[in-house]
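Please read it alongside the sequence and the coordinates.

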Amino acid sequence: MPSFTFDGAAFDGSGAVELGEANITLLNSVTAQNLLITGGAVISGAGDLTVNGNLSWQISRDKTTTIGGSGLLTTNGTTSLTGTSLNTGPNFLLQRNWDNNGTININFGALSRNQFEIGTGATLTNKSTGSIVFQANASTISVFGAGTLDNQGGIAYQDSNTTSIQTAFSNTG
């Protein structure tokens, strides 16, 4: 798998920057207007990652995606956390904290494992301006792990399927 290191960068154009199957290390802050993270991407490092427009975080068959490291992930637009049919692994948020100021749409394929793991040391904070929308095509979506989901905004369900939150959960929204 190839490796890339960013020692600070700003991707300001309207097109999406795609980070695919590679080890990506962020040494300093990286900002993007639109970002596509596809199956097999592993992001680490101490640099912050800010997405001001759309973030598409996808898993594909047999390939998980991991956003880790000690920096902060900040999303200010629409995030789509998706998977395709027959996924065999979850999306991971490991160690890196995530501040969401926009909308996170969680929508997995009908035969996927339907999982988003907030790992040890990580906190997903859905700020007061943020919302998390569960849009499952499958029977169950699981948010799990040893991390924390801190909801200060809104959480909505757009189907009658089961959504399970199996991680530390704080809800003041």
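1. Leu35 makes contact (heavy atoms within 4.5 Å) with Val17, Leu19, Leu49, Val51, Asn54, Leu55 and Ser56, when residues up to four places away in sequence are not counted. The structure is a predicted model, in which local features need pLDDT of at least 70, side-chain atom pairs count only at pLDDT 80 or more, and totals for chains, interfaces and linings use all residues. Residues are numbered from 1 along each chain as its sequence is written, and side-chain values use heavy atoms, with hydrogens and water left out.

2. The largest nonpolar core has 30 residues, and Leu35, Leu93, Phe116 and Leu124 have the most contacts inside it. Strand E3 (residues 23–32) gives the most to this core, with 4 residues. Such a core is a set of buried Ala, Val, Leu, Ile, Met, Phe, Trp, Tyr and Cys residues joined through side-chain atoms within 4.5 Å. Buried means under 20% relative accessible area, exposed over 50%, and partly exposed in between (1.4 Å probe, protein chains only).

3. Leu49 belongs to strand E6 (residues 49–51); strands are DSSP runs of at least two residues, numbered from the N terminus. Leu49 is buried, at 4% relative accessible area. Its partners beyond four places in sequence include Leu26, Val30 and Arg96. Leu49 and Leu26 are 23 residues apart in sequence and 7.9 Å apart in space, C-alpha to C-alpha.

4. Gln95 sits in the loop between strand E11 (91–93) and strand E12 (97–100). Gln95 is exposed, with a relative accessible area of 52%, and its phi is near 65°, a positive value in a residue other than glycine.
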